[in-house]
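Dear colleague,

Please find below the structure that I am handing over to you. My notes on what was found in it follow directly after.

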Amino acid sequence: MAGEHRRTGLALPAALSEVHALFAEVAAAHPGLTVEDVMRVETALIELVGNIVEHGRPSGGVRYTLEVAVSPGEVVAHLADDAREPAPGAADHDMPDEWAETGRGLALAGALVDELVHEAGPTGNRWQITQRRTGGTPG
Amino acid sequence: MEITARQEAEVQVLECSGRLTMVTARSLRDAVEQALGAGPPRLVLDLGEVGFVDSSGLGALISALKRARQAGGDLRIAAVTEQVRTVLKLTNLDRVLRPYADVPGARDGW
């Protein structure tokens with residue numbers, strides 16, 4: 001099932017449009033998915049990919065690969081990058097106070113989905129998102 | 001993201017459409033600065049056509065709220081979509097940016 005829907009490329013701002021396009025594809029291919037489940041996984045991945053775009057080093061030279069698989073029970077997404085430095089984990093980030101203008105991305109990603117796992121290794125970062133499907137139909 | 005400003009009585013309504021993300025957050029900041037320089041500092045952001053906001057967009061909303069208050073006014077948001085309502089709630093920003101159901105509701109009764 002892994003890799004049912006896939007995008008790869010350089011982590012430039014245009015990558016965000018690719019993530020939106022991928023989820024339009026996912027929604028069209030799986031009409032039984034609820035709008036909310038798609039929205040939650042899509043928003044979490046926009047935060048994670050946006051984080052690579054903004055903080056990945058070398059800037060503009062980091063490659064990302066995103067795969068999304070839909071099964072009757074859940075949506076699972078795998079995101080990998082080849083950044084030279086480990087990304088901060090979502091667990092390290094508390095939600096900032098209401099007046100902060102930055103620093104919400106990873107905390108928001110973690111709050112949106114049922115499970116968010118991050119592994120930093122010598123060849124880059126790997127993230128796995130799992131969202132159990134709520135309602136909808138199995139398609 | 002496209003932003004069109006209009007004045008209604010002593011309030012400026014900024015009608016926004018598109019996605020408010022790290023790519024477009026600057027547009028909102030610029031539009032708010034322009035509005036605060038051009039008219040009354042009571043701003044209503046009509047988000048009815050904004051289907052997606054990320055954390056950078058949320059930062060731009062908070063920045064806009066601060067700027068409006070610094071200018072002696074305030075900022076309200078109206079007609080938010082479900083995605084926007086969800087991210088506001090999960091980040092607790094709905095405590096300082098309470099969404100109004102529609103533009104007339106936000107525009108009246110300051």
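This is a predicted model: local features need pLDDT of at least 70, side-chain atom pairs count only at pLDDT 80 or more; totals for chains, interfaces and linings use all residues.

Residues are numbered from 1 along each chain as its sequence is written, chains are lettered from A and ligands numbered from 1 in the order in which they are written, and side-chain values use heavy atoms, with hydrogens and water left out.

Glu98(A) sits in the loop between β3 (74-81) and α3 of chain A (helices, H or I with at least four residues, and strands, E with at least two, are DSSP runs numbered from the N terminus). Apart from neighbours within four places in sequence, Glu98(A) is in contact with Arg104(A) and, in chain B, with Ile62(B), Asn92(B), Leu93(B), Arg95(B) and Val96(B); contact means heavy atoms within 4.5 Å. With Arg95(B), the side chain of Glu98(A) makes a polar contact of 2.8 Å (a pair of N or O atoms within 3.5 Å; within protein, one must be able to donate a hydrogen and the other to accept it, and residues adjacent in sequence count only if both atoms are side-chain atoms).

The interface between the two chains

Chain A brings 22 residues to the contact and chain B brings 25 residues. The area buried between chain A and chain B is about 2,000 Å², and carbon and sulfur atoms give 68% of it; buried area is the accessible area (1.4 Å probe) that two parts lose on being put together, summed over both. On the side of chain A, Glu98(A), Trp99(A) and Glu101(A) lose the most area to chain B, together 35% of what that side buries.

Three salt bridges are found across the interface of chain A and chain B (a side-chain nitrogen of Lys or Arg within 4 Å of a carboxyl oxygen of Asp or Glu). The side chains of Glu101(A) and Arg29(B) form a salt bridge, at 3.4 Å from N to O. Six residue pairs are in polar contact between chain A and chain B, both residues at pLDDT 80 or more. In chain A, α1 (14-29), α2 (35-55) and α3 (105-112) each supply at least two residues of the side that touches chain B, and α2(A) gives the largest share, nine residues.

The nonpolar cores

The largest nonpolar core has 64 residues, and Phe23(A), Leu45(A), Leu66(A), Val68(A), Leu79(A) and Leu75(B) have the most contacts inside it. Such a core is a set of buried Ala, Val, Leu, Ile, Met, Phe, Trp, Tyr and Cys residues joined through side-chain atoms within 4.5 Å. Here too α2(A) supplies the largest share, nine residues. Not counting residues up to four places away in sequence, Phe23(A) touches Val38(A), Val41(A), Glu42(A), Leu45(A) and Val68(A).

Backbone details

Arg57(A) and Pro58(A) are joined by a cis peptide bond, with omega about 5°, and Pro58(A) lies in the loop between α2 and β2 (63-70) of chain A. Asn92(B) is not a glycine, yet has a positive phi of about 65°. Asn92(B) belongs to the loop between α3 and β5 (99-100) of chain B and, at 25% relative accessibility, counts as partly exposed.

With kind regards

Conventions: Buried means under 20% relative accessible area, exposed over 50%, partly exposed in between (1.4 Å probe, protein chains only).
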